[in-house]
Each structure stands twice: as structure tokens, then as C-alpha cells.
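Here is a short report for a reader new to this structure. Look at the model first, then read on.

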Amino acid sequence: MCHSPPQADRTPREPRKWDALVRVRLNLFTATTKATGWRSNKHGKKTRIYDKPRTPYQRVSGSGILTEAKAAELADLMAITNPADLTRGITTIQTQLIALAAAKTRALEASSTRAQIAEARTTLSRAS
């Protein structure tokens with residue numbers, strides 16, 4: 001098995017950092033609803049019943065399955081985390097990754113060839 005050496009223009013740490021920030025924001029601050037059952041409306045059609053919106057942090061802390069140490073750790077994380085700082089960090093990393101990809105995209109666009117207009121106007125069929 002052959003492994004290629006890491007390339008200088010790649011930034012493997014940025015996606016990992018971005019991924020960690022996105023997960024923290026999702027788990028601490030993004031509320032979702034969960035389907036809890038079914039009911040029938042006045043016409044007899046089945047519709048879903050949903051609970052109140054809660055974040056994954058609220059759901060796991062309210063479930064009672066966490067140890068006291070883990071619950072304290074999550075509570076500390078929640079207390080020190082600023083959602084605006086998370087969003088700014090995510091946006092900064094996304095901007096850096098887009099800038100890195102832009103140079104490669106421009107190089108690909110410059111090297112690719114496109115069909116000429118005269119070529120596109122000729123009619124070819126599979127039968128001919």
C-alpha cells in the first residue's frame with residue numbers, strides 16, 4: 001500500500017475545526033421537533049403529532065441518562081459557548097475554504113475546452 005505525502009496546498013485541519021464548530025452549534029442551539037405519534041383529523045386522515053421544539057442538549061439533559069460528571073461537563077460547555085462566536089468561526093473557516101477552492105476552480109475552467117457554437121448547431125443523430 002502506497003501513501004502519498006501531504007500536499008502543501010491542502011488544509012486538513014480546517015474541515016475538522018469547522019466540523020467541530022458545526023456540531024457544537026447544532027447540538028447546543030438548534031432546536032428540532034420529534035414525531036411522537038399519530039392522530040386522525042376531522043376527515044379521518046392520519047397526521048403526525050410532534051412535541052415541543054428542543055435542542056439535543058435539552059433532550060439528553062432532561063432524559064436522566066447522563067452521569068453527574070457528564071451533565072456538569074455539558075452544562076459548563078453550554079454556559080461558556082457563545083452562539084455568535086460559533087457562527088463567526090464557522091463563517092471564517094468557510095470563507096478560507098472557498099478561497100482555497102476558487103484557485104483550483106479557476107485553473108480547471110482555464111484548462112477545459114468548450115464546444116464551439118458552430119459545433120453545437122450541427123445536428124447529429126445516433127441513426128446516422
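## The strand pair

Strand E1 covers residues 35–40, and strand E2 covers residues 46–50. The two pair in the antiparallel sense, over five bridges. This is a predicted model.

Ser 40 stands opposite Lys 46 of E2. Five residues lie between the strands of this hairpin. Gly 44 takes a positive phi there, near 90 degrees. In a regular strand, side chains alternate between the two faces of the sheet.

## The chain as a whole

How many helices and strands does the chain have? There are five helices and two strands. Read from the N terminus, the order of elements is α-β-β-α-α-α-α.

The chain has 128 residues, and buried residues make up 9% of them. Its accessible surface comes to about 11,000 Å². Carbon and sulfur atoms account for 57% of that surface.

## Arg 59 in helix H2

Helix H2 runs over residues 56–63, and Arg 59 has its place there. Is Arg 59 buried or exposed? Its relative accessible area is 19%. Buried means under 20%, so Arg 59 counts as buried.

Definitions and conventions
Residues numbered from 1 in each chain as written. Predicted model: local features only at pLDDT ≥ 70, side-chain atom pairs only at ≥ 80, totals over all residues. Heavy atoms only, no water. Helix = DSSP H or I, 4+ residues; strand = E, 2+ residues; numbered from the N terminus. Buried < 20%, exposed > 50% of the residue type's maximum accessible area, 1.4 Å probe, protein only. Areas by Shrake-Rupley, 256 points an atom, 1.4 Å probe, with all protein chains shown as cover. Pairing = 2+ DSSP bridges.
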